[in-house]
Amino acid sequence: MQRLMIADSSDVVRTVAKRILSELGFLVAEAGSDREALIGCQAEMPAILIVDAGLEGALDLISRVKALPEAKRVRIYYCVIEADLKKMMLGKRAGADDFLLKPFDRKILAAVFGAYAAAA
């Protein structure tokens, strides 16, 4: 089972995403802050990290996770509300591998992450 972490300040978003992603076969960890996410990644690096653009310190979190020795294994998704090119480029420069648009639902998460879960 692959580990996935979702870093989002919204309890509701984390709960819904965790339920859907767990059903897809991921072992899901939650982080409500950038600090909590970094500590979690230092303890056990997930295969996938979803970072909400609205999370305070999101770009710094991405940079700091990418600087960790185990960072070669993690795929980071920067989660944005709209396809804002400037915001997306900031995420890419910080080290994000890909993007995820909010709001997401079961269909979107299954399409994006289903192949990862199946490969585990």
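Is Asp-98 buried, partly exposed or exposed? Asp-98 is partly exposed, because its relative accessibility is 28%. The classes run as follows: buried is under 20% relative accessible area, exposed is over 50%, and partly exposed lies in between (1.4 Å probe, protein chains only).

The model is predicted, so local features need pLDDT of at least 70 and side-chain atom pairs count only at pLDDT 80 or more, while totals for chains, interfaces and linings use all residues. Residues are numbered from 1 along each chain as its sequence is written, and side-chain values use heavy atoms, with hydrogens and water left out.

Asp-98 forms a salt bridge with Arg-75, at 3.5 Å from N to O. Asp-98 sits in strand S5 and Arg-75 in strand S4 (residues 75-80), 23 residues apart. Arg-75 is also partly exposed, at 27% relative accessibility. A salt bridge here is a side-chain nitrogen of Lys or Arg within 4 Å of a carboxyl oxygen of Asp or Glu. Strands (E, at least two residues) and helices (H or I, at least four) are DSSP runs, numbered from the N terminus.

The whole structure holds 10 salt bridges. One of them joins Arg-3 and Glu-44, with the closest N and O atoms 3.5 Å apart. Arg-3 lies in strand S1, Glu-44 in the loop between helix H2 and strand S3, 41 residues apart. Arg-3 is buried at 18%; Glu-44 is partly exposed at 44%.

Lys-102 pairs with Asp-8 in a salt bridge, at 2.8 Å between the closest N and O atoms. This pair spans 94 residues. Both partners are buried.

Finally, a network of salt bridges links Asp-11, Arg-14, Lys-18 and Glu-30.
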